[in-house]
Protein chains: 2
Amino acid sequence: MNVLDRLVVVVLAGGSGTRLWPRSRQALPKQFLDLTGQGTMLQETLRRLAPLAPPDRILVITNADYVDLVRDQVPELPPDHVVGEPLPRGTAAAVGLGAVLARHLRPDAIMASVHADHLILRPDRLRAALVASAEVADRGHLVTLGIKPTYPHTGLGYVEQGEALPSTSDGHQVFRVVKFTEKPNLSTAERFVADGRHSWNSGLFTWRVDRILAEFAAHMPELYAGLQVIAASLGTPEADATLQRVFPTLPHQTIDYGIMERAQDVAVLPVDIGWTDIGSWATLLEVLDGDSHGNVIRGDGTALTIDTHNSLIYTVAGRLVAAIGVKDLVIVDCDDALLICPKDRAQDVRRVVEELQRSGREAYLR
Amino acid sequence: MNVLDRLVVVVLAGGSGTRLWPRSRQALPKQFLDLTGQGTMLQETLRRLAPLAPPDRILVITNADYVDLVRDQVPELPPDHVVGEPLPRGTAAAVGLGAVLARHLRPDAIMASVHADHLILRPDRLRAALVASAEVADRGHLVTLGIKPTYPHTGLGYVEQGEALPSTSDGHQVFRVVKFTEKPNLSTAERFVADGRHSWNSGLFTWRVDRILAEFAAHMPELYAGLQVIAASLGTPEADATLQRVFPTLPHQTIDYGIMERAQDVAVLPVDIGWTDIGSWATLLEVLDGDSHGNVIRGDGTALTIDTHNSLIYTVAGRLVAAIGVKDLVIVDCDDALLICPKDRAQDVRRVVEELQRSGREAYLR
């Protein structure tokens, strides 16, 4: 039997960041935005996974507030495959919920956990890597896809590889993980980038559901107990009420800290899939295709550029953005707000968000 | 009798430029915009003249399309003091119409002709200069207020002064005008600025109506004949029909070329009134009061600036402009369009306008 027949994809779509303000809002976070002009992040995520698993083996875990939004954006999924967390409890609880739901779909499931708000420029390589990772997962490993670091990013986790494990049947190399390090300081990050033994932790995981649940039992027993209560209710009329009651009581933790840093038999499968978590608007300027002047122009409105170079312009329906003589600038327009900053200041969008909160102008964040 | 009792102010409010796009539109040109936060250019123009003449001695000549707009913005004027040109025929026809209307108000009128779209930072000095110019005009001179040139502007006309004429009773110096030069080339402009004998032609004129009409008779006889027909109809039921019929047939010419360059007894009264014709958005950044970072922020919306310096930001009601780390930038937001350019490229707004015309997107110009 092909391991792929057992693959259940769990898409985590509950995030609510502010790094892409003013487009990203509390009511419409990044995963629900069309940033590329080819569909929302969520839609693109599901589209690239479609060749690997049919809709009835895909689950989306999101915030309860976003359930309707997800069902609207991906109507091909069975409605009960879109599950809302009553309250956000971190990625450990989300992954654990995904695991019990996947096990309910099929007890021998191999689960791939992916994020709905990551950009992947080489979806064919992602699919190949997931197929390979399912093979490794079937051997009993918890597999993380490792991204070759291109610079000393201090906002990501790093995975250190140790001894080589047997390659997959399609030739992917696999290594035992020695250590996870969350968000290192700059000098540590520089050392990690230089040593060739570290990957960025993409948050893309593959494992057998029995294996990940065993790790929950071992390292997060309280969370595991709650998951067992939820699991017992699945398929009964009490399922939703149980989720509503139990989920908010689960410990709040990340999957990295709660499980991956402590688990047995963790493996890393280095990949080159054009991955980015879109840390700021500047990322989109780097990775999306630009025009002959290096401008990345997206959106439903009109842009008119004169002597404008290497700039990111998002337009909104019914409005015109005219830029003359600008360079390396981020211009993000939306219905009620506009952001303008040099690309190397794009991370300071958080300061705008803080100032809006501080000054009671949350309307521009909702 | 005080010459001021004979002063009739004619405000020219028919312009329709594109240099302040996207705020300035065909339906709402510069004179009708609130650029300073203290009222529209037209309202500011009338406010600064109010101490000199009561509303029944103020006339506004505008395009027929803007008559209602003028009456809305300056309800204190008698409605029949707002006169619409059926078609724009240049400043000679507008001034000539103003002269016959002023003569109809009082045959011994001293007429001051001012533009509704100029910014004047020292209104007290303007008023003093107009009082002085009325005294000079009463002697029979056509008086132009001369602006001391601060740089070799090639887009303005220059007035060369000759012999000194008797100063006014309040001590203003007055000179006979030797020559008008329209829009000189750069080297000529540089020479003019250096020689101390040239002023910018502000377009602010004062004269007795009998004197200016005599000059029309001498130098633009065809226009004068048309004005006489219009003048004869004033106060009769045929007045409006006559204006509608005759005005479009008048020669199309500027007052500078048609009259001032050829007239007798032209005098210049040098003034220091903080005058600017607002040639571009950059002008506003130069002349309006900024915040402690040199930012000039105006408009009915919200601006949020972080590490932003020496930039011009116009906001629009209901929208937020957030700028991070920008410098010397012009950001003009409005309901349907947004302009972004470095301040030293503000004159290239005309290229945006041309491109919108060329590409059939005139909706953004209307």
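Predicted model: local features only at pLDDT ≥ 70, side-chain atom pairs only at ≥ 80, totals over all residues.
What percentage of the 366 residues of chain A count as buried?

Figure 1. In chain A, 51% of the 366 residues count as buried. Along the principal axes, the C-alpha atoms of this chain fill a box of roughly 60 × 50 × 40 Å.

Figure 2. The chain contains 11 helices and 17 strands. Its radius of gyration is 21 Å, and the globule rule gives 21 Å for 366 residues; the two values are close, so chain A is as compact as a globular protein of that length.

**Figure 3. Contacts along the sequence of chain A.** Consider the contacts in chain A between residues at least 6 apart in sequence. Of these, 64% join residues at least 24 apart.

**Figure 4. Packing of two helices in chain B.** Two packed helices are described by the angle between their axes and the distance between the axes. Helix H3 of chain B covers residues 90-105, and helix H6 of chain B covers residues 209-219. They pack at an angle of about 140°, and their axes are 10 Å apart. An angle over 145 degrees would count as roughly antiparallel; H3(B) and H6(B) are therefore oblique to each other.

**Figure 5. Crossing and contact residues of H3(B) and H6(B).** The crossing in which H3(B) passes H6(B) is left-handed. H3(B) contributes B:Gly96, B:Ala99, B:Ala102 and B:Arg103 to the contact, while H6(B) contributes B:Val209, B:Ile212, B:Leu213 and B:Phe216. Six residues of this contact are nonpolar, one is polar and one is charged.

Key: Residues numbered from 1 in each chain as written. Chains lettered and ligands numbered in written order. Helix = DSSP H or I, 4+ residues; strand = E, 2+ residues; numbered from the N terminus. Rg over C-alpha atoms; globule rule 2.2 N^0.38 Å. Buried ≥ 20, exposed ≤ 12 C-beta atoms within 10 Å, placed from the backbone. Contact = placed C-beta atoms within 7 Å. Axes fitted to C-alpha atoms, helices over the stretch in contact; angles between N-to-C directions. Parallel < 35°, antiparallel > 145°, perpendicular 65-115°, else oblique. Left-handed = near helix turned anticlockwise from the far one by under 90°. Nonpolar A, V, L, I, M, F, W, Y, C, P; charged D, E, K, R; others polar.
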